[in-house]
Amino acid sequence: MNQPPLPPKVKIVEVGPRDGLQNEKEALGADVKVELVERLARAGFVNVEAAAFVSPKWVPQMATSAEVLARIERRPGTIYSALVPNMQGFEAALNGKADEVVVFGAASEAFSQKNINCSIAESIARFEPVAKAAKANGLRLRGSISTAFGCPYQGEVPLDAVGDVVARMRDLGCDEIDIADTIGVSTARKTQAVMLRAAQEFPVTQLAGHFHDTYGQALANIYAAMEVGVAIFHSSVAGLGGCPYAKGATGNVATEDVLYLMQGLGIETGVDLDQVVDAGLFISQQLGRKSISRAGNAIAAKRAG
Ligand code: HMG
Ligand code: MG
């Protein structure tokens, strides 16, 4: 099979302050989150997912989102994103001067019910006013699709179910759509099949791969996704998210590992790996545990001589 060449440049969206910290047992104070977001922006990420305006009863770790957005020193050119499930969340994101709002749905009905307490169709109906308001206020709009590669409740997720939600998110006017492996079950060929199906509905250059690393496949999935033209990936500094001691806990792929891969492949990211390693050491220390980034730990060990 003739593959197109790998992209010369990729965009890495750093999701540690949101996806990572929302899953950490230890809820950190706003001070630490502000410092983490600022360190990451300084390292060169053009997009940092910094907040989620969701019910604090459902996700208490994100309850400080308004404070975080209010206090961070903004770097010109950096996009600070916030998850919003509905208009209440949108209003909070607008007040907080988020640059991008992220509506999040799922490719599996069962996961949609568990995560946002409504069906896929109901979620899209809730996103419609959010999408209109985002456009009216000049904000970027991103759509995120969970369980695109498998669901913890329903198991297999058909390719057409992914295609269908991608089309609905496209029709909402999303600028970018995330195809998420929520439970980290995908493997390389499956990843390509899902991405190619999504790309039938939406330009592949505006699709993002959001891989959790539960089965250790995230880097292989990223490489496989690049082979079919995907050039935007999400990752968490220090592999934040999910405690390594808790059954089934799953973090995002570690940013340091992704950057090390890109560096080796000669693919431009615009991000300084050393500064990300420092940010990873900082946040791991705050959480009182070791980073789970293999590259981050290797670089830190080498530095220590
Ligand atoms: P609900 O209970 O069905 O909604 O929750 P509701 O409209 O009936 O509201 C119930 C209560 O929530 C009310 O408060 C509302 O004010 C409040 P009460 O009167 O009981 O005190 N509420 C809110 N509070 C703050 N901000 C809001 C908001 N909306 C309602 N925006 C809802 C529906 C979606 C709100 C709820 O289910 C929820 O917040 N879920 C959290 C989902 C979440 O954050 N999941 C994690 C992020 S998604 C993810 O991690 C996946 C991703 O990484 C990709 C991947 O890996 O798959 C993106
Ligand atoms: Mg996630």
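1. Rings of Phe, Tyr and Trp (its six-membered ring) pair if their centres lie within 6.5 Å, with planes under 30 degrees apart counted as stacked, over 60 as edge-to-face and the rest as tilted. By that criterion, a search of the whole structure finds two aromatic pairs. In one of them, the rings of Phe-149 and Phe-211 have centres 5.6 Å apart and planes at 50 degrees, so the pair is tilted.

2. This is a predicted model, in which local features need pLDDT of at least 70 and side-chain atom pairs count only at pLDDT 80 or more, while totals for chains, interfaces and linings use all residues. Residues are numbered from 1 along each chain as its sequence is written, and side-chain values use heavy atoms, with hydrogens and water left out.

3. Phe-149 lies in the loop between strand S5 (140-146) and helix H7 (159-172), whereas Phe-211 is in strand S7 (residues 207-211), so the pair ties together parts that are 62 residues apart in sequence. Helices (H or I, at least four residues) and strands (E, at least two) are DSSP runs, numbered from the N terminus. Both Phe-149 and Phe-211 are buried (under 20% relative accessible area, with a 1.4 Å probe and protein chains only).

4. The whole structure contains zero disulfides, a disulfide being a pair of cysteine sulfur atoms within 2.5 Å. The sulfur of Cys-174 is 15 Å from the closest cysteine sulfur, in Cys-118, which is too far for a bond. Cys-174 is buried at a relative accessible area of 5%, and Cys-118 also counts as buried, at 1% relative accessibility.

Note on methods
Chains are lettered from A and ligands numbered from 1 in the order in which they are written. Buried means under 20% relative accessible area, exposed over 50%, partly exposed in between (1.4 Å probe, protein chains only).
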